[in-house]
Amino acid sequence: MEQRRNLLKGLAAGAAMLAAGTPALARAPFQSGRIAVETRGDGPDLILIPGLASTSAVWSRVTPRLAGHRLHLVSVRGFGDLPPAANGDGAIMGAVANELRRYIAEAGLAAPALIGHSMGGQIALRAAADAPDWIGRLMTVDASPFFPALISPGATVGDVEPIAQVAYQAIQILGDEGLRARGRALGLELGGAADAVFGSMGWQGGDRRVLAQALYEVMTVDLRHRLPDITAPVTVVYGWSPDEASPRSRTDSLFRGAYASLPRPAVFERIEGAEHMVMIDQPTRFLAAVGRFLA
């Protein structure tokens, strides 16, 4: 791993020297039909990956306070105002993880840190499992390798498949605005998932086919068997409440169980007063956790 890091650092430094001396050799902008990436700042590389129906704007409360890092702000095409491009057909999350790895390679990033929220956390887990030597460290934010297990630890993909099909059809027929309007009723059908998904500032909508497919994958993808492949240190951040009447009071045991098969025990950071959109609900406490993660 150390040899690969040194190689990538050398390649990145060489490319920078060539680009500085010869403008025509400057690195071409990254082109992808799956993701868009905005880069800003200088310092150690930090990649931020938003969740379902969110763009990089979801990090706007915290990015101004991440000075000293070169930020790579990822957006998934088909969310928000971004046209779907290649995400308009077929599966999404695995292809997006592949493109994230391609971006890391083409940009010459040496062991960057990854922070992924919700679906973005699953994408980060995939990337870290598929290319363990490429990732320096990884933080998931209210993300699970298998989301249904946060509701019922014994749940299986087979259990949730019919529910995921209902969600997929609902978005295809109603669109995200229609589904949001029917959130309470559909919340019963989706096992409470609709309230968690649609009741936050992070939902920016998008292309209904991409939204439907992405939600289906978030509900049915089980990455727990891939956790042993991840060698990077992992920090798991999640919202928590001391109120025993709140479902958030049980998140400690649920998230610890979800990540139990990591080869290196994860660091768990519960953020009191936060719900699913941790970085929006409690930006100061979230940034403190990020600081410890990057230290």
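Is aspartate 130 buried, partly exposed or exposed, and what is its relative accessible area? Aspartate 130 is partly exposed, with a relative accessible area of 39%, where buried means under 20% relative accessible area, exposed means over 50%, and partly exposed lies in between (1.4 Å probe, protein chains only). The model is predicted, so local features need pLDDT of at least 70 and side-chain atom pairs count only at pLDDT 80 or more, while totals for chains, interfaces and linings use all residues. Residues are numbered from 1 along each chain as its sequence is written, and side-chain values use heavy atoms, with hydrogens and water left out.

**Overall architecture**

- The protein contains 10 helices and seven strands, where helices (H or I, at least four residues) and strands (E, at least two) are DSSP runs numbered from the N terminus.
- Of the protein's 295 residues, 50% count as buried.
- Among contacts in the protein with a separation of 6 or more, 78% are accounted for by residues 24 or more positions apart, a contact being heavy atoms within 4.5 Å.

- The structure holds 12 salt bridges, each defined as a side-chain nitrogen of Lys or Arg within 4 Å of a carboxyl oxygen of Asp or Glu.
- One of them joins aspartate 45 to arginine 70, with the closest N and O atoms 2.6 Å apart.
- This pair links distant parts of the chain, since aspartate 45 belongs to strand 2 (residues 45–49) and arginine 70 to strand 3 (residues 70–76), 25 residues apart.
- Aspartate 45 counts as buried at 15% relative accessibility, whereas arginine 70 is partly exposed, with a relative accessible area of 28%.

**The salt-bridge network**

- Arginine 101 and aspartate 130 meet through their side chains in a salt bridge of 3.3 Å, N to O.
- That pair also links distant parts of the chain, with arginine 101 in helix 2 (residues 93–106) and aspartate 130 in helix 3 (residues 119–130), 29 residues apart.
- A salt bridge of 2.9 Å, N to O, brings together the side chains of arginine 226 and aspartate 229.
- Arginine 226 counts as partly exposed at 22% relative accessibility, and aspartate 229 counts as partly exposed at 34%.
- Salt bridges that share partners join Arg101, Asp130, Arg226 and Asp229 into one network.
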